[in-house]
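This report goes through a protein structure part by part. Please look at the sequence and the structure shown here before reading on.

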Amino acid sequence: MLEKINQTADFIRSKVNDMPRIAIILGTGLGALVDHIDDKQYIPYSEIPNFPISTVEGHSGNLIFGTLGGKRVMAMQGRFHYYEGYDMKQVTFPVRVMKALGVETLFVSNAAGGMNKEFVVGDVMVITDHINLFPENPLRGKNYNELGPRFPAMTEPYNKKFIAMADEIAAEKKIRLMHGVYVGTPGPTFETPAEYEYFRVIGGDAVGMSTVPEVIVAKHADMQVFGVSVITDLGGKDITEVPSHEEVQKAAIVAQPKVVEIIKELVARI
Ligand code: HPA
C-alpha cells in the first residue's frame, strides 16, 4: 500500500508544480465549485496510476489543481463510493495520496437525506460529527505507523474552528446554515421509513452514502476536516415522497450556490 501511495504521489508531483495544502472532494452539491477555480490543470483519474475510475452518472473523474480564494487547491471531481463495488481501501486511496502530497486540510461535501424535522429540502448542513454504519472500517487490517496510529482518536472529526468560521460566513451572507450529525451508510438503497426513524433515534440528522470513509482516513492521517451536506430529500415515517437519484441531483443544484459561497470563503480565510 505504501508503495502504491508513493507511486501515485510521485506521478502527480511530476505533473504539478505548486502542491496545495488544501483538498476538496466535490460531492453532489459542490460540482459548480470547479467554475470558481482559476488556472485549472486537469488530471483524469484514468491517467493516474493506482486510481480507481468513477462509474456513477453525474460524477466525472478528474483531479483538478488550481487557485481558489487566492489559495492553491486540489479538487476531486468525482469520488469513489462503496456502493459502486470499491472496497474501503480504494474508496479512501485518494485521501492517502493527498496526505503524501502535503495536504493538511480536507473539505468534503455530499447529498444527504434529512431526518431532523427542522430541515427542508435545499438546506445546507455543516457536519458536526458522524456515525459510521459502513460494514467495514477503512483502517481495518495492517496499520502502517507511517500513515497514522493503530487506534486513532475521533474526538473532533470535524474541525470546530472551521465550523465556527462557516457560521460567521453564513451569517454575513444570510445563508441558512444548519448543523448536524451525518450517518454514513453503504447504500445504494435509500432508507425505509423505519430506517430513517432509527437513524434519527441514534442521533443522526442526515443520512448519506459517502464521506465517512474519507473522513476516517483523513483523521488517521491527522488532517483537519470540514464537511457539508446538502439536504436533497427528507425521510421518516410521515414522509411519503419517494427519493430518487434525479430528485437528489435537482435539489443539490438548487442548493449548490450556498455551498459554493461557504467553501470558497472558508478557503480564502483559513
Ligand atoms: N439516503 C441516503 N443517501 C442519500 C439520501 C438519502 O435519503 N439522499 C441523498 N443521499
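## His-130 and its surroundings

The side chains of His-130 and Tyr-158 make a polar contact of 2.8 Å. A polar contact is a pair of N or O atoms within 3.5 Å; within protein, one must be able to donate a hydrogen and the other to accept it, and residues adjacent in sequence count only if both atoms are side-chain atoms. The model is predicted: local features need pLDDT of at least 70, side-chain atom pairs count only at pLDDT 80 or more, and totals for chains, interfaces and linings use all residues. Residues are numbered from 1 along each chain as its sequence is written, and side-chain values use heavy atoms, with hydrogens and water left out.

His-130 is part of strand 6. Helices (H or I, at least four residues) and strands (E, at least two) are DSSP runs, numbered from the N terminus. His-130 counts as buried because its relative accessibility is 12%; buried means under 20% relative accessible area, exposed over 50%, and partly exposed in between (1.4 Å probe, protein chains only). Not counting residues up to four places away in sequence, His-130 touches Met-154, Tyr-158, Val-181, Tyr-182, Val-212, Val-215 and Ile-216, where contact means heavy atoms within 4.5 Å.

## Met-154

One of the residues touched by His-130 is Met-154. Met-154 sits in the loop that runs between strand 6 (124–132) and helix 3 (160–172). With a relative accessibility of 32%, Met-154 counts as partly exposed.

Apart from neighbours within four places in sequence, Met-154 has contacts with His-130, Ile-216 and Lys-219. Between Met-154 and Ile-239 there are 85 residues of separation in sequence and 33 Å in space, C-alpha to C-alpha.

## Ser-109 in strand 5

Ser-109 belongs to strand 5. Its relative accessibility is 2%, so Ser-109 counts as buried. A polar atom of the Ser-109 side chain lies 3.0 Å from the backbone nitrogen of Gly-27.

Leaving aside neighbours within four places in sequence, the contacts of Ser-109 are Ile-25, Leu-26, Gly-27, Thr-28, Leu-30, Arg-79, Thr-211 and Val-228.

## The ligand

Which residues are around the ligand? They are Ala-111, Ala-112, Gly-113, Phe-190, Glu-191, Tyr-196, Val-207, Gly-208, Met-209, Thr-232, Asp-233 and Val-248. A residue is listed if one of its heavy atoms lies within 4 Å of the molecule.

A polar side-chain atom of Glu-191 is 2.6 Å from a nitrogen atom of the ligand. For Thr-232, a polar side-chain atom lies 3.5 Å from a ligand nitrogen atom, and for Ala-111 a polar backbone atom is 3.4 Å from a nitrogen atom of the ligand. The ligand taken alone exposes 260 Å², of which the protein buries 96%. Accessible areas come from the Shrake-Rupley method with a 1.4 Å probe; for residues, only the protein chains shown count as cover.

## Salt bridges

Side chains of opposite charge can pair when their charged atoms come close. A salt bridge is a side-chain nitrogen of Lys or Arg within 4 Å of a carboxyl oxygen of Asp or Glu, and by this rule the count is 11 salt bridges. In one of them, Arg-21 meets Glu-104 at 3.1 Å, N to O. Arg-21 lies in the loop between helix 1 (2–15) and strand 1 (22–26), and Glu-104 in the loop between helix 2 (88–100) and strand 5 (105–114), so the pair ties together parts that are 83 residues apart in sequence. Arg-21 is exposed at 53% relative accessible area, while Glu-104 is partly exposed at 40%.

Another salt bridge joins Arg-269 and Glu-172, whose closest N and O atoms are 2.6 Å apart. This pair links distant parts of the chain, with Arg-269 in helix 6 (residues 245–269) and Glu-172 in helix 3, 97 residues apart. Through shared partners, salt bridges join Glu-172, Glu-265 and Arg-269 into one network. Arg-269 counts as partly exposed at 33% relative accessibility, and Glu-172 counts as partly exposed at 48%.
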